[in-house]
Amino acid sequence: SVRESNLVAAGEYDSDDGWNVTCVAKRPRLPGSGGGSLATTSTPAAAVQRGYSTSQVFLALTRRFPLVGRYPEIVDALRELERYEIACQGDDHADREFQRCNSEALEYARAAAVVCGLEWSLGEEIGRSGRAGAVALLEKEPYIGKFRAGQIVDLFQTGTCAALTAFRNGDAPISSKGVRRFENEARRSMRHAPEKRALNRVVG
């Protein structure tokens, strides 16, 4: 079996969240499982009993990401944000002038998958620990940084967040640093997202 100490990690910086994504070279295997993936271990507690840690790498590898979860409205909003980011910036395949992965769109897609697979209640955690407690607990999930966690709580409580409101209104979204993202690194405007998304539907 491959323990966490055998994982090869490399950081990838997401400019809009700051969460340090970790890539791994091999998926660990359960001892005596005949090659079964650790993805069959459904909870961190079960993993600890088997002698593995609950680091972000381990959680990402062992988490289930269902297509349908308990918070479809939040998932839909995060996927809408993903589509706006792609409409404004392009993606790593279509962007010939600036061929880098659209990290903001990728992080929204990952956040949507994580929310689909949440095994605890946002409402109960907010009632018990308040907004700060819910944000802190979300930060323990894979792929979720403090900024993204705050957006998820905003979406749960109000149905929207600052970035989604800005995109829908055609304005530049506010970044995790509290400033408006008028342009991306390729100097493409982040305004007029609805029109750009509509154009994407026409031209493919």
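Y143 is buried, because its relative accessible area of 17% is under the 20% cut-off. This residue sits in the loop between α5 (122-138) and α6. Its phi is positive, at about 70°, although Y143 is not a glycine. The model described here is predicted.

H192 also has a positive phi without being a glycine, at about 60°. Its place is the loop between α7 (162-168) and α8 (193-203). Is H192 buried, partly exposed or exposed? With a relative accessibility of 45%, H192 counts as partly exposed.

## The whole chain

The protein has 204 residues, and 42% of them count as buried. It holds 8 helices and 2 strands. What order do they follow along the sequence? The pattern reads β-β-α-α-α-α-α-α-α-α.

## Helix α6 and its neighbours

Helix α6 covers residues 146-158. Its 13 residues should span 18 Å at 1.5 Å a residue, and the end C-alpha atoms are 18 Å apart, so the two values agree. Which residues of α6 are buried? They are R148, A149, G150, Q151, I152, V153 and L155. Against which helices do the buried residues of α6 pack? They pack against α3, α4, α5 and α7.

Two packed helices are described by the angle between their axes and the distance between the axes.

| Helix pair | Angle between axes | Distance between axes |
|---|---|---|
| α3 and α6 | about 125° | 9 Å |
| α4 and α6 | about 55° | 11 Å |
| α5 and α6 | roughly 155° | within 8 Å |

Start with α3 and α6, which pack at an angle of about 125°. That angle makes α3 oblique to α6. The crossing of α3 past α6 is right-handed. On the α3 side, I74, A77 and L78 make the contact, and they meet I152, L155 and F156 of α6. This contact has 6 nonpolar residues, no polar ones and no charged ones.

Next come α4 (residues 103-116) and α6, at an angle of about 55°. Here too the angle makes the pair oblique. α4 passes α6 in a right-handed crossing. E107, Y108, A111 and V115 of α4 touch R148, Q151 and I152 of α6. By type, the residues of this contact are 4 nonpolar, 1 polar and 2 charged.

The axes of α5 and α6 cross at roughly 155°. α5 is therefore roughly antiparallel to α6. From α5, the contact uses L122, G123, I126, R131, A134, V135 and L138. From α6, it uses K146, A149, G150, I152, V153, D154, F156 and Q157. These residues divide into 9 nonpolar, 3 polar and 3 charged.

I152 meets α3, touches α4 and takes part in the contact with α5. I152 is also buried.

## Helix α3

Helix α3 runs over residues 72-89. How far apart are its end C-alpha atoms? They are 26 Å apart, which agrees with the 26 Å that 18 residues should span at 1.5 Å a residue. Its buried residues are I74, V75, A77, L78, E80, L81, Y84, E85, A87, C88 and Q89. An α-helix has 3.6 residues a turn, so residues three or four places apart point the same way. In α3, I74, A77 and L78 are buried, and these residues meet α6.

C116 is found in helix α4. At 5% relative accessibility, C116 counts as buried. Along the chain, C116 and V75 are 41 residues apart, yet their C-alpha atoms are separated by 6.8 Å. V75 is one of the buried residues of α3. Which residues does C116 contact, leaving aside its neighbours within four places in sequence? They are P66, L67, V68, G69, R70, V75 and R79.

Terms used: Residues are numbered from 1 along each chain as its sequence is written. This is a predicted model: local features need pLDDT of at least 70, side-chain atom pairs count only at pLDDT 80 or more; totals for chains, interfaces and linings use all residues. Side-chain values use heavy atoms; hydrogens and water are left out. Helices (H or I, at least four residues) and strands (E, at least two) are DSSP runs, numbered from the N terminus. The expected span of a helix is 1.5 Å times one less than its number of residues. Buried means under 20% relative accessible area, exposed over 50%, partly exposed in between (1.4 Å probe, protein chains only). Axes are lines fitted to C-alpha atoms, for helices over the stretch in contact, and angles run from 0 to 180 degrees between N-to-C directions. Angles under 35 degrees count as roughly parallel, over 145 as roughly antiparallel, 65 to 115 as roughly perpendicular and the rest as oblique. A crossing is left-handed if the near helix is turned anticlockwise from the far one by less than a right angle, and right-handed if clockwise. Contact means heavy atoms within 4.5 Å. Ala, Val, Leu, Ile, Met, Phe, Trp, Tyr, Cys and Pro count as nonpolar, Asp, Glu, Lys and Arg as charged, and the others, Gly among them, as polar.
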